[in-house]
Amino acid sequence: MTLLLDRSAPARPQGKPRRTLIDRRTLPYLLLMPALLGFLIFKAYPIAKSAWISLTTGSARTFVGLDNYARLMHDPVFWTALRNTALILVVQLPLMLSLALLLSLGLNSRLVKARAVWRLGVFVPSLTGLVAYGVMFSVILNRDGGLLNWLLSFFGIDRIDWLGSPVWARIGIVIALNWHYVGYYAVIYLAGLQGIPKELYEAAMVDGAGPVTRFRRITVPQLRPILLLTMVLCTIDTLQLFDEPYVLTNGGPDNATITVTMYLYENAFKYFDFGYASAIAYVLALLVIVLGLIQAKLAGERR
Amino acid sequence: MKRWALTFALAAAFGLCVGPFYWLAMAATHDDKDIFTWPPKFWPGDHLWDNLAGLEESIGLTKVALNSAVVASTQTIGGLVVSVLAGYAFAKFHFRGKNILFVLLLSSLVIPSQVRLIPLFEMMLDFGLLDSYAALVLPGLTVPFGIFLMRQAMSGLPDELLDAARVDGAGELRIIWRVVVPVMRPVIAALTIFLFLWSWNEFVWPLIALRSPEMHTLPVAMATLNGLSETDFGQVLLASALSTLPVMVLFLFFQRQFISGLLAGATKG
């Protein structure tokens with residue numbers, strides 16, 4: 001090391017620092033260049049442009065102000081899509097996150113052996129692509145030959161027409177969603193659980209706190225930042241729900257499972273009403289941001 | 001008693017998660033009629049080759065899988081390079097506008113990706129890139145999560161290590177390649193799998209950007225197959241099983257890094 005240092009020392013010119021195209025000042029910008037170019041061209045520009053498109057109509061892009069947004073407010077299909085999305089969110093978010101939390105507690109327990117294998121197994125569903133698992137579930141949820149009805153038959157439950165009735169189709173989608181994502185969130189929680197100092201639990205046990213108290217007084221508060229993160233992630237994902245209903249039910253029966261993003265997609269790429277579709281996108285973006293802020297505020301207040 | 005109950009509960013969860021994959025693998029070897037008979041098929045059938053040949057004929061399985069492989073690997077490598085360079089800049093340099101740029105990059109996560117579909121489509125139309133690999137790869141090269149992950153990981157890198165290399169006369173690119181990348185191997189491995197997984201499974205954008213069937217990626221081809229009035233479920237399920245196989249194998253090889261990468265992203269968020 002000293003040898004190398006000695007060799008480079010005389011090479012450094014005295015006085016003014018070397019001026020080249022790439023110096024310490026410009027270097028970080030050069031390193032960021034690819035990321036920023038990609039961001040500006042393929043993210044920032046399209047986001048800005050769709051804001052403009054949402055104020056126009058037709059392929060000629062005639063400016064119509066907020067007409068598209070006004071039309072949305074009186075569009076029954078949009079409200080149906082919004083209601084379906086909200087309904088799935090209200091059921092999905094608490095169900096999936098509590099299942100994931102329960103699962104992570106089990107995976108973290110010292111009572112259980114071969115935890116790595118269990119962890120691997122529950123994580124695997126989240127590796128499947130949405131089309132692959134959508135197709136898979138369209139057969140699993142089939143009324144006559146499906147795996148789920150077969151399983152239920154052992155409990156004496158009659159065959160359910162999962163994808164054919166409005167109520168069951170929604171439940172079917174929630175089941176598919178849970179299968180796909182619970183393990184993913186459980187592993188995130190597991191990371192959080194392993195980050196909690198063990199001394200906290202030991203001290204609580206010395207004080208005679210039972211498992212429920214320890215969970216409420218130590219686990220939940222310590223996990224709060226991660227719980228918030230997963231809440232926001234789950235909200236964003238559920239509000240943008242597209243692939244599952246697209247593959248499983250195509251929005252049916254009777255629009256019972258049409259979501260906001262599906263309706264957006266239909267307007268854009270089936271009716272080629274780009275202005276209207278962009279307005280839907282911005283209403284959705286607004287919803288995501290507002291809900292995210294509310295959740296952040298709630299989590300902050302409880303601290 | 002308690003241990004017994006907990007193990008049983010976990011085994012049930014495990015079975016619910018993994019069971020469908022076993023069923024999928026078995027169903028993929030049957031023909032349409034057998035798949036929808038009661039009870040479900042739990043043993044291999046004799047239609048694997050028929051289904052394979054059918055897939056080759058209906059969607060051009062080889063070509064479609066090759067498309068997916070080319071697109072996913074290009075996008076993964078490109079995304080890695082972009083993320084490593086940007087992450088290094090954010091973690092190890094002080095410069096004007098650093099925080100604003102970082103927040104700006106991350107804030108795009110809040111805007112639903114659907115917002116960008118239409119302008120992206122028009123942009124590709126203007127560039128004449130629709131129906132090309134470039135249309136699929138280019139928009140996915142800047143990955144905010146990747147930049148975030150690399151910045152988090154590299155901020156723990158000791159400055160002395162980099163300065164030592166600089167004193168030895170190494171240029172920054174050389175430092176990144178010879179010093180930073182080797183030290184960051186586990187995180188880079190994790191990001192590699194994430195990027196590949198996302199690109200491999202990407203559905204909506206390819207569905208919009210691709211026109212001709214011979215350019216289709218696996219998910220798009222599967223979706224068209226599934227949309228036909230006479231869906232051949234033996235074929236579709238085999239395609240599903242085959243499309244899941246590469247990511248499963250990748251995951252089994254790198255699961256340690258994969259989960260640690262997930263954890264790095266989650267806990268430091």
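**Chain A and chain B: interface and local features**

The end C-alpha atoms of residues 100-121 of chain B lie 28 Å apart, and this span is 73% helix and 0% strand. Helices (H or I, at least four residues) and strands (E, at least two) are DSSP runs, numbered from the N terminus. This is a predicted model, in which local features need pLDDT of at least 70 and side-chain atom pairs count only at pLDDT 80 or more, while totals for chains, interfaces and linings use all residues. Side-chain values use heavy atoms, with hydrogens and water left out, residues are numbered from 1 along each chain as its sequence is written, and chains are lettered from A in the order in which they are written.

**Annotated spans of chain B**

- UniProt, in an unreviewed entry, places the feature "transmembrane region" at residues 64-88, 100-121, 133-154, 175-198 and 233-254 of chain B; such annotations may be inferred rather than shown by experiment.
- Residues 175-198 of chain B are 96% helix and 0% strand, with end C-alpha atoms 29 Å apart.

**Interface between chain A and chain B**

- In contact (heavy atoms within 4.5 Å) are 89 residues of chain A and 89 residues of chain B.
- About 8,000 Å² is buried between the two chains, and carbon and sulfur atoms give 80% of this area; buried area is the accessible area (1.4 Å probe) that two parts lose on being put together, summed over both.
- Leu31(A), Phe42(A) and Leu127(A) supply 9% of the area that chain A buries against chain B, more than any other three residues.
- Two salt bridges (a side-chain nitrogen of Lys or Arg within 4 Å of a carboxyl oxygen of Asp or Glu) are counted between the chains.
- Lys49(A) forms a salt bridge with Glu122(B), with the closest N and O atoms 3.2 Å apart.
- Helix α2 (residues 27-53) of chain A gives the most to the side of chain A that touches chain B, with 19 residues.

**Buried parts of chain A**

- Helix α6 (residues 130-140) of chain A is mostly covered, as 11 of its 11 residues are buried, meaning under 20% relative accessible area (1.4 Å probe, protein chains only).
- The buried residues of α6(A) include Tyr133(A), Met136(A), Phe137(A) and Ser138(A).
- Ser165(A) is found in the loop between α7 (147-153) and α8 (166-195) of chain A.
- With a relative accessible area of 19%, Ser165(A) is buried.
- A polar atom of the Ser165(A) side chain lies 3.2 Å from the backbone nitrogen of Trp168(A).

Methods:
Buried means under 20% relative accessible area, exposed over 50%, partly exposed in between (1.4 Å probe, protein chains only). A polar contact is a pair of N or O atoms within 3.5 Å; within protein, one must be able to donate a hydrogen and the other to accept it, and residues adjacent in sequence count only if both atoms are side-chain atoms.
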